[in-house]
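Subject: A structure to look through, with notes

Dear colleague,

I am passing on a structure that I would like you to open and look over before you read my notes. Please keep it on screen while you read, so that you can find each place as it comes up.

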Amino acid sequence: MMEEKNGTTTGFILLGFSDRPLLELVLFVVLLILYIFTLLGNATIIALSYLDPNLHTPMYFFLSNLSFLDMCYITSTVPQFLFNLSGPDKSISYAGCVAQLFVSLGLGGTECTLLAVMAFDRYAAVCRPLHYTVIMHPRLCSLMASASWIFGFTNSSVLTVLTFILPLCGRNEIDHFLCEVPALIKIACVDTRSTESEIFFAGVFILLFPVSLVIFSYGQIVRAILRIKSAEGKRKAFGTCGSHFIVVSLFYGTAIYAYLTPSNNYSQDKGKFTSLLYGIFIPMMNPVIYTLRNKDVKGAMTKILWKIHGLMSV
């Protein structure tokens with residue numbers, strides 16, 4: 001056990017997958033490669049959205065916001081996780097744990113809201129094409145993006161306070177690879193049912209409200225697409241929304257399982273792998289999903305590469 005100071009532990013041990021040394025080695029190699037790839041992929045999307053005039057649209061404004069968000073999101077957890085995987089030291093300071101929880105929850109909540117905003121953007125593009133530029137004007141886009149960040153970090157402030165006001169009584173071993181709400185609640189030494197209820201309702205608000213907006217938006221989108229007579233028009237409309245729908249389904253599905261599953265049905269091992277999915281692997285997959293399925297992004301990348309090649313050939 002680590003020392004206590006004023007009744008509060010000075011740090012925590014993140015047990016992670018320490019009982020599976022081979023898995024730790026595999027995860028370290030895979031995560032390091034994917035982390036570097038994700039930073040490069042998201043930075044490329046941001047750069048393309050800025051450099052190519054054809055991508056100066058609301059859709060790519062939100063996509064570049066999402067890319068920046070994902071870079072921050074995985075950086076809030078992956079470097080610490082890689083450090084813990086690289087040797088016997090699995091510790092994280094108390095302040096570091098609070099910061100990691102606050103930042104990762106804030107960025108996760110922001111992503112929940114931003115994905116719903118992006119669904120509304122797709123709804124406006126498909127269902128209101130003649131009024132799209134009027135509806136999604138730059139000022140509104142900036143306001144919605146800003147509101148997503150404010151909403152995410154306000155929710156994070158509430159959840160972080162609710163989690164860390166619980167007395168831990170010197171218990172410092174967290175059966176997880178990061179500081180996450182369900183794992184932290186399990187090491188509290190008091191009855192946590194009221195806190196779990198409060199956190200559950202906060203989770204319902206931050207998750208189910210955006211999900212409801214996404215379901216409404218895509219319900220209207222599907223209705224609009226089915227009214228399109230040409231097969232080419234349907235294919236183009238589905239292509240426009242397909243990448244975003246894949247990301248939404250993966251992110252919301254795993255996040256809802258992690259935060260809205262009753263604690264008596266919550267398996268710690270399943271929780272770890274669920275966190276790996278929605279907190280690390282899905283943000284890492286976003287650049288691949290958006291670039292491989294998006295002709296505009298691929299076209300912009302080709303043009304920029306040709307320009308660079310032309311400059312180098314001179």
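Residues are numbered from 1 along each chain as its sequence is written, and side-chain values use heavy atoms, with hydrogens and water left out.

The whole chain

The protein chain holds 11 helices and five strands, where helices (H or I, at least four residues) and strands (E, at least two) are DSSP runs numbered from the N terminus. Of its 314 residues, 47% count as buried, a word that stands for under 20% relative accessible area, with exposed meaning over 50% and partly exposed lying in between (1.4 Å probe, protein chains only). The chain exposes about 15500 Å², of which carbon and sulfur atoms supply 70%; such areas come from the Shrake-Rupley method with a 1.4 Å probe, and for residues only the protein chains shown count as cover. Among contacts (heavy atoms within 4.5 Å) with a separation of 6 or more, 80% come from residues 24 or more positions apart.

How confident is the prediction?

The mean pLDDT of the chain is 81, and 84% of its residues reach 70 or more; pLDDT is the predictor's confidence in each residue, from 0 to 100. Confidence is highest in helix 6, at 92, and lowest in strand 1 (residues 4–5), at a mean of 42. Over residues 1–8 the pLDDT is below 50, although this stretch has 15 contacts in the model beyond near neighbours in sequence. Where pLDDT is low, the predicted coordinates should not be read in detail.

Helix 6 and helix 8

Helix 6 (residues 138–164) packs against helix 8 (residues 193–226) at an angle of about 170°, with the axes 10 Å apart. Axes here are lines fitted to C-alpha atoms, for helices over the stretch in contact, and angles run from 0 to 180 degrees between N-to-C directions. The two helices are therefore roughly antiparallel, a label for angles over 145 degrees, whereas those under 35 count as roughly parallel, 65 to 115 as roughly perpendicular and the rest as oblique. On the helix 6 side, Phe151, Asn155, Leu159, Leu162 and Thr163 take part, and they meet Thr195, Glu198, Ile199, Ala202, Phe205 and Ile206 of helix 8.

Single residues

Thr160, also in helix 6, is buried at a relative accessible area of 7%. Leaving aside neighbours within four places in sequence, Thr160 is in contact with Val98, Leu101, Phe102 and Leu105.

Phe81 sits in helix 3 (residues 78–85) and is buried, with a relative accessible area of 2%. Beyond its neighbours within four places in sequence, Phe81 touches Phe17, Leu27, Leu31, Phe177, Leu276 and Ile280. Phe81 and Phe177 are 96 residues apart in sequence, yet their C-alpha atoms are 6.4 Å apart in space.

Ile45, in helix 1 (residues 21–51), is buried at 4% relative accessible area. Its C-alpha atom is separated by 7.0 Å from that of Ser67, 22 residues away along the chain.

With kind regards
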